[in-house]
Amino acid sequence: MDTPRYPFLRLSDVNAPFRDEMAEAMLRVLDSGYYVGGPELERFEQMLAAQTEAPYAVGCTNGLDALRLIFRAYIELGRLRHGDEVIVPANTYVASVLSVTDNGLTPVFVEPSLDTLNIDTALIEKAITPRTKAILTVHLYGRAAWDRQFADVARRHNLIVVEDNAQAIGARADAAGLFGTHTTGGLGHAGAFSFYPTKNIGALGDAGAVVTHDAELAAAIRAIRNYGSDRQYHNIFKGLNCRLDPMKAAVLAVKLPHTDAENQLRRDRAALYNRLVSNPFIIKPEYSDSPSSVWHQYVVRINPDAAPGADGEDRYQRLAAARDDLRNYLRNNGVETAVHYAVPPHLQPCYTEYAHLALPVTRLIASTVVSLPITRTTPLDDIPAIAAILSAYRPSL
């Protein structure tokens, strides 16, 4: 297969600026003899806590485990019980929902806003029942899913707020969080991070972390991630092995201070796309130069008018075909793209119990989204060419 002129992502390019410092950090771990735990992990946790304005950070194996550990710890502490309802955005990656059901909790799906693609905060209160005990907010595509209405609902209903911050490290919400902070991950009671290699700040392999303002929760998560042990051979929980190894922690500690610069690199590309793309068949993402988005992905949508005259399931299929037509056109013109995410969680084969839910806004988004190149893999000078190619698109169906 030919290499595209405008690739979506090359991780070697993303890591190139940090190569020497990362190599030095890895050698430091090698020479230290600390291969599980130790000072490099503690240093990274302290840096992440400071960055997110939360007092506690706990490294773990990946972003899904970070979420799983949060809900598991709340159950162990008696603040959640199996069967409790957790409000979740319907438009998200399946990992968000997996963390809820894996802990015997019940997800309650809330539709997204077509403007933000995040959970529609105006719909949250309508979904609350006497069994609702928590909200999982997902800062999808790097945009903070947080506003005053969200915080007000959480406070009035005394709900636990968990953030899926896998895609939004370094974003700052316009409205203050529950503890007066503005940085995503530190807005609610606990926040989960993913450092999967493709993230704005990525590890060399899978990695994750939890941040929280709650000392008791942090202690429980530290124990659960280490076989449930609060000290050697003393297991207070039936725990897991979800530790972040110091080699990955040392690499992340190299990259973490560059979070703002990496995010600004993406903002610059997003701003240029938004200024230059002009096509009636394409809907651009809502744009702001606010730090509330770190543009983990730049996601455009096929205009639903591109598939007129269809209803129900046929409409979604026609829209997906129109989306494929756009991607084929871009591929033929050297632009590599991705789709995040073509099948929403409630329609995944593992969740047949939720397949009856209509969720038309979620279905519309899943059928029409296309992610464009936005990392340092794509030089800023290439964005006008990609924008021109996109602007010239006309459906061939």
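# Reading sheets, helices and loops

Modeller: In this predicted model, an open sheet of seven strands runs in the order E1-E7-E6-E5-E4-E2-E3, and its pairing is mixed. The edge strands, each of which pairs on one side only, are E1 (56–60) and E3 (106–110). On average, and with direction ignored, neighbouring strands of this sheet are turned by 20° against each other.

Biologist: How should I read the pairing of two strands, and how many bridges join E2 to E4?

Modeller: The general idea is that strands of a sheet pair through backbone hydrogen bonds, either parallel or antiparallel. Here E2 (residues 85–89) and E4 (residues 132–138) run parallel and are joined by three bridges. Taking the partners residue by residue, Glu85 has Thr132 in E4 as its bridge partner, while Val86 stands opposite Ala134 in E4. E4 is also joined to E5 by five bridges, again with the two strands running parallel, and there Thr137 stands opposite Glu163 in E5.

Biologist: Is E4 largely enclosed or exposed, and how many of its residues are buried?

Modeller: A residue is called buried when its relative accessible area is under 20%. Six of the seven residues of E4 are buried, so this strand is largely enclosed by the rest of the structure.

Biologist: Which helices lie across the strands of this sheet, and at what angles do they run?

Modeller: Helix H5 (residues 94–101) lies across E2, E3, E4 and E5 (160–164), and it runs at about 145° to E3. Helix H8 (residues 215–224), for its part, lies across E1, E6 (190–194) and E7 (208–212), running at about 20° to E1.

Biologist: What does antiparallel pairing look like in this model, for instance around E11?

Modeller: E11 and E12 pair in the antiparallel sense over four bridges, and the partner of Val299 in E12 is Ser371. Strand E10 (residues 282–283) also runs antiparallel to E11, joined to it by two bridges, with Ile283 opposite Arg301.

Biologist: Which way do the residues of E11 point, and are they buried or exposed?

Modeller: Tyr298, Val300 and Ile302 point one way from E11, whereas Val299 and Arg301 point the other way, and all of them are buried.

Biologist: How do I read the surroundings of a helix, and what do the buried residues of H12 pack against?

Modeller: An α-helix has 3.6 residues a turn, so residues three or four places apart point the same way. In H12 (residues 360–368), seven of the nine residues are buried, so the helix is largely enclosed by the rest of the structure. The buried residues are Thr362, Arg363, Leu364, Ile365, Ala366, Ser367 and Thr368, and they pack against strand E11 (298–302), helix H11 (312–332) and strand E12 (369–372).

Biologist: How many residues of H9 are buried, and what covers them?

Modeller: Helix H9 (residues 246–255) is mostly covered, with eight of its ten residues buried, among them Pro246, Leu252 and Lys255. What covers these buried residues includes H1 (11–15), H2, H3 and H10 (259–276).

Biologist: Which residues have a positive phi although they are not glycine, and where are they found?

Modeller: One of them is Tyr233, whose phi is positive at about 60°, and its place is in the loop between E8 (229–231) and E9 (234–235). Another is Leu359, with a positive phi of about 45°, which lies in the loop between H11 and H12. With a relative accessible area of 75%, Tyr233 is exposed, whereas Leu359, at 10%, is buried. The loop between H11 and H12 also holds Tyr341, and the peptide bond from His340 to Tyr341 is cis, with omega near 10°.

Biologist: Which residues form a nonpolar patch on the surface?

Modeller: Leu27, Leu30, Tyr35 and Val36 form this patch, and together they have about 410 Å² of accessible area. Tyr35 lies in the loop between H2 (19–32) and H3 (39–52), and at 47% relative accessibility it counts as partly exposed.

Biologist: Where is Pro308 found, and is it exposed or buried?

Modeller: Pro308 sits in the loop between E11 and H11, and its relative accessibility of 53% makes it count as exposed. Arg318 is ten residues apart from Pro308 along the chain, and the C-alpha atoms of the two are separated by 8.7 Å.

Terms used
Residues are numbered from 1 along each chain as its sequence is written. This is a predicted model: local features need pLDDT of at least 70, side-chain atom pairs count only at pLDDT 80 or more; totals for chains, interfaces and linings use all residues. Side-chain values use heavy atoms; hydrogens and water are left out. Buried means under 20% relative accessible area, exposed over 50%, partly exposed in between (1.4 Å probe, protein chains only). Contact means heavy atoms within 4.5 Å. Patches are made of residues with over 30% relative accessible area and no salt bridge: like charges are joined within 9 Å, nonpolar side chains (Val, Leu, Ile, Met, Phe, Trp, Tyr) within 5 Å. Accessible areas come from the Shrake-Rupley method with a 1.4 Å probe; for residues, only the protein chains shown count as cover. A salt bridge is a side-chain nitrogen of Lys or Arg within 4 Å of a carboxyl oxygen of Asp or Glu. Two strands pair if DSSP finds at least two bridges between them. Axes are lines fitted to C-alpha atoms, for helices over the stretch in contact, and angles run from 0 to 180 degrees between N-to-C directions.
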